[in-house]
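Welcome! Take a moment to look over the molecule below, and then we will walk through it together.

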Amino acid sequence: VPKDMITSRNMARAMGVPEQQIVELRDTQATKANIIAALDSLNKKVGPGEKVFIYFSGHGTSYKTSNGCEQGFIPFTQGRYTQNDLISEAELAGYTSKISQKADKAVVMVDACFSGGVVASRTRSISQIADIRAKFVPPSSQSCDVAVNQTVTRSFAPAMQRLGIPQENFVQISAANYNEVSWDNEQFGGLATHSLGQCL
């Protein structure tokens, strides 16, 4: 994540985001309450025609609810996280939809995956190359055994469309495909973040 923070800051600059407008939450600052407060603040500040870049690097998870499996991101917590600590993709879509209604373009990049038995023998061989490791948390009884970035649940697009956001106003970049984990390397950080940073 420290490497990803440098790369994502460079990506924001490449999009034309002024340095003084970049807000960064890390380590103990990156709680659910602080992340939501930052999104609320951004919503109040963003003006018509502006470009917005929202970035998350860290752990993602898939968990069971009364409505089935949901996916979310794990912010900083004291001790083990609970479902109440998670930022669900539906919650994130709710906050970013308000921003997307005003901004000319809102880009949300997520460099994370979620647990559920995804790192198994079929991915173990690649993890030995170049000290690559998956960005996951160990499965628990509350985890769902589903593919990483399963298209029907991991994409913000359907949630954003339900909220009335035109597709051209919103771009989602996910680090992993529907059946992949997000990879990390000590030298480069998140491989998806590093690769996109090199392109920009």
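A contact means that heavy atoms lie within 4.5 Å. With that in hand, Asn43 touches Lys98, Ile99 and Lys102, leaving aside residues up to four places away in sequence. Please keep in mind that this is a predicted model, where local features need pLDDT of at least 70, side-chain atom pairs count only at pLDDT 80 or more, and totals for chains, interfaces and linings use all residues. Residues are numbered from 1 along each chain as its sequence is written, and side-chain values use heavy atoms, with hydrogens and water left out.

**The whole chain**
- The chain has seven helices and nine strands; these are DSSP runs numbered from the N terminus, helices being H or I with at least four residues and strands E with at least two.
- Of its 200 residues, 41% count as buried (buried is under 20% relative accessible area, exposed over 50%, partly exposed in between, with a 1.4 Å probe and protein chains only).
- Among contacts in the chain with a separation of 6 or more, 75% are between residues 24 or more positions apart.

**Asn43**
- You can find Asn43 in helix α2, which covers residues 32–45.
- Is Asn43 buried or exposed? Asn43 counts as buried because its relative accessibility is 16%.

**Asp27**
- Asp27 sits in the loop between α1 (2–14) and α2.
- Asp27 counts as exposed because its relative accessibility is 54%.
- The phi of Asp27 is near 50°, a positive value in a residue other than glycine.
- Most residues other than glycine have a negative phi.
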